[in-house]
Amino acid sequence: MGGVYIGCLAYVDDLILISASVVKLQKMLDICSTYGTNLDIRFNPTKSCFFKIGKDFSKNVPALCIDDQNMAWVDTLKYLGMYFDTGETFKVNTSRSVRNFYA
């Protein structure tokens with residue numbers, strides 16, 4: 001944002017970790033796990049997921065985990081009521097919001 005790297009976005013109890021590589025993302029997850037253990041916070045891998053933007057690597061999807069539990073890769077991400085679709089570029093999917101508005 002504005003030429004500054006921001007690796008974590010937080011809103012109340014929702015976190016988004018942003019990384020350019022899966023190796024660094026796993027390191028970020030390990031840091032979250034360590035601090036979570038120290039603060040008696042547990043992450044729920046069933047309510048957490050991975051989402052990618054950029055080059056397609058669906059044939060070789062790496063397994064990443066937090067607290068020794070694997071998390072799923074998804075094609076659509078819902079965050080704070082907005083839907084985002086995976087792809088070469090960052091895409092916001094407004095069709096659900098528009099449909100809900102008219103309903």
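**Close-up views: pocket and sheet**

**View 1. Lining of the largest pocket, by residue class.** The lining divides into 27 nonpolar, six polar and seven charged residues. Nonpolar covers Ala, Val, Leu, Ile, Met, Phe, Trp, Tyr, Cys and Pro; charged covers Asp, Glu, Lys and Arg; the others, Gly among them, are polar. The model is predicted: local features need pLDDT of at least 70, side-chain atom pairs count only at pLDDT 80 or more, and totals for chains, interfaces and linings use all residues. Residues are numbered from 1 along each chain as its sequence is written, and side-chain values use heavy atoms, without hydrogens and water.

View 2. The volume is about 1400 Å³. A pocket is an open set of points on a 1 Å grid over the protein atoms alone, where a 1.4 Å probe fits, with protein on both sides within 12 Å along at least five of seven lines; lining residues have an atom within 4 Å of a point. Points are joined across faces, edges and corners, and the volume is the space filled by probe spheres set on them. The lining counts 40 residues. Leu15, Ile16, Leu17, Cys49 and Leu77 lie nearest the centre.

**View 3. Elements around the largest pocket.** Helix 1 (22–38) gives the most to the lining, six residues. Strand 2 (14–17), strand 3 (49–50) and strand 7 (76–79) each supply at least two. Helices (H or I, at least four residues) and strands (E, at least two) are DSSP runs, numbered from the N terminus.

**View 4. The open sheet 7-8-9.** Three strands pair antiparallel in this order. Pairing requires at least two DSSP bridges. Strand 7 and strand 9 (91–93) are the edges. Three bridges join strand 8 (residues 82–85) to strand 9. Tyr83 stands opposite Asn93.
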